[in-house]
Amino acid sequence: MSLPFFHPPLLLYALILLSLSLLLDYVYPFHRGFLLRVHPVHTCYIMSKKMVRPYAPRPYGVFLASTCLLVHVALLAILLYVASMLMVPWRLIAWFAVATWFLKTSFSLRLLVDLGLRVYETSRRGEWGETRYWTQQMVRRNVYRLDEEHVLSAAIESLAESLVDGFVSPLLYYPFLGLLGPYLQRLANTLDGSVGFKTPELCEQGWFSAKLDTLLNYIPARLAVLYIILSSMILGLDWRNAWKISRRDHGLTESLNAGHPISAMAGALDVRLEKPGHYSLGEPLKPVEPGDVERAVRVVTVSSIIHVLVIVLLLFLFYSFIYPILF
C-alpha cells in the first residue's frame, strides 16, 4: 500500500506516529541550533515578519497568511512525497521520520511544563529576578513591571492558554486531517503571534491571521475547560468552582477563546487571575502563591493525558468508520 501524503494508511501507523512524536517532544523539548532554524514555527514567524507592510489592508493580510501557509505545506508535501518514492523498507522508515518530526513541531507540552516548573521553583525560593525571566518566556506582557502576585498570575494564565494553543488544539485535528491538521493549526497560531496585533500598523493586515487562529481554537478552547474540570476532580482541586467561574467569566477577555481555559483554571485554584487594565477572572478566595503555579502545571499535565486518550479514541473511530469511505 502506498503511503498517502498526510494520513497514515493504517490505524497502527497513526498510533505509532502519535507515540513517537510525544516521545520526541519529551526527550527534545528545547529546540536549538540548526533544528531551531528549520523549525516551522520559527521559519513561518520570520517569513511573516519579513512580509509585513505597515498599514497594509486586509487583502494583503490574506495574501501574507496564505503565502506563508502554502509555502510551508508545500515543503511538508514534498518531503513526504520524496520519502514515499524510496525503496521498501526505506520508504516507511523515511516517511515515519519526516512525519514524526513535523507532528512533533506542531505541538509543545514538555517545554510548557518545564517553564511552569521553573517559575514555581524560582518563586518558591524567592528568586524573583529568575521568576520574571522564565515567566517572560511564556507571555507577551512586560512582567518586569508587575508585582510578584501578578507575575505568578501571568504564568498560570499562560499555562492555561498554552494548553489549548500548544497541545489540545493541534492534536484535536490529527485524527481527522492527519499531519495537515496539527501543522496548519500551529502555523495559524504562529501567524497570529507575529502579525495578529491590534496596532495601527498591523490591525488590518493581521485581521485574517487572528480570525483564522480564533476559528481553529474555538472548539479546543471549550474542550480544554472540560479537561481542566476533570483534572481538578482527579487532583482534588475545586472542580465545582472551576465550572462556576468558567461559566461566569469566560467572556471577560478580549480574546474569544482565551477566557475559557483561564477562567476554569482560576476557579480550580480558587484565585483571581488578572491582567491589569484588561481583565480579571475568578474570585480572590486566597492570594496567588508559588504553589498555585505547581498545581496549574499538574492540571495541564493531567489534562494533556486525558486529551491523548481522547485522541486515541477518535483515531479508532475515524479509522473504523470514516477512513474506509474516504480512502
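**Charge pairs, burial and backbone in a predicted model**

Biologist: What makes Asp249 and Arg248 a salt bridge?

Modeller: The closest N and O atoms of Asp249 and Arg248 are 2.7 Å apart. A salt bridge is a side-chain nitrogen of Lys or Arg within 4 Å of a carboxyl oxygen of Asp or Glu, and the pair therefore qualifies. In general, side chains of opposite charge can pair when their charged atoms come close. The model is predicted, so local features need pLDDT of at least 70 and side-chain atom pairs count only at pLDDT 80 or more, while totals for chains, interfaces and linings use all residues. Residues are numbered from 1 along each chain as its sequence is written, and side-chain values use heavy atoms, with hydrogens and water left out.

Biologist: Why is Asp249 called buried, and what is Arg248 called?

Modeller: Asp249 has a relative accessible area of 4%, whereas Arg248 has 42%. Buried means under 20% relative accessible area, exposed over 50%, and partly exposed in between (1.4 Å probe, protein chains only). Asp249 is therefore buried, and Arg248 is partly exposed.

Biologist: What makes Arg298 and Glu294 a salt bridge, and how far apart are they in helix H14?

Modeller: The closest N and O atoms of Arg298 and Glu294 are 3.2 Å apart, and the pair therefore meets the definition. In helix H14 (residues 290-326) they are four residues apart, about one turn of the helix. Arg298 is partly exposed at 31% relative accessible area, as is Glu294 at 22%. Elsewhere, salt bridges that share partners join Glu121, Arg124, Arg125 and Glu127 into one network. The structure holds 14 salt bridges.

Biologist: Why does Ser108 count as buried, and which residues does it contact?

Modeller: Ser108 has 16% relative accessibility, so it falls on the buried side of the cut-off. It lies in the loop between helix H5 (90-104) and H6. Leaving aside neighbours within four places in sequence, Ser108 is in contact with Asp25, Gly166 and Arg186; contact means heavy atoms within 4.5 Å. The C-alpha atoms of Ser108 and Ser19, 89 residues apart along the chain, are separated by 14 Å.

Biologist: Why is Asn189 called buried, and what does it contact?

Modeller: Asn189, in helix H10 (residues 180-195), has a relative accessible area of 17%, and is therefore buried. Leaving aside neighbours within four places in sequence, Asn189 is in contact with Asp165, Asp213 and Asn217.

Biologist: What is the phi of Tyr55, and is Tyr55 buried or exposed?

Modeller: Tyr55 is not a glycine, and its phi is positive, about 70 degrees. Most residues other than glycine have a negative phi. Tyr55 is placed in the loop between helix H3 (40-51) and helix H4 (58-84). Its relative accessible area is 56%, so Tyr55 is exposed.

Biologist: Where is Asp270, and why does it count as buried?

Modeller: Asp270 is in the loop between helix H13 (259-269) and strand E1 (273-275). Its relative accessibility is 18%, and it therefore counts as buried. Asp270 also has a positive phi, of about 60 degrees, although it is not a glycine.

Biologist: How do you know that the radius of gyration agrees with that of a compact globule?

Modeller: The radius is taken over C-alpha atoms, and the globule rule is 2.2 Å times the number of residues to the power 0.38. For 327 residues a compact globule would have a radius near 20 Å; the protein has 20 Å, which agrees. Along its principal axes the C-alpha trace spans about 60 × 50 × 35 Å. The protein contains 14 helices and two strands, and buried residues make up 52% of its 327 residues.
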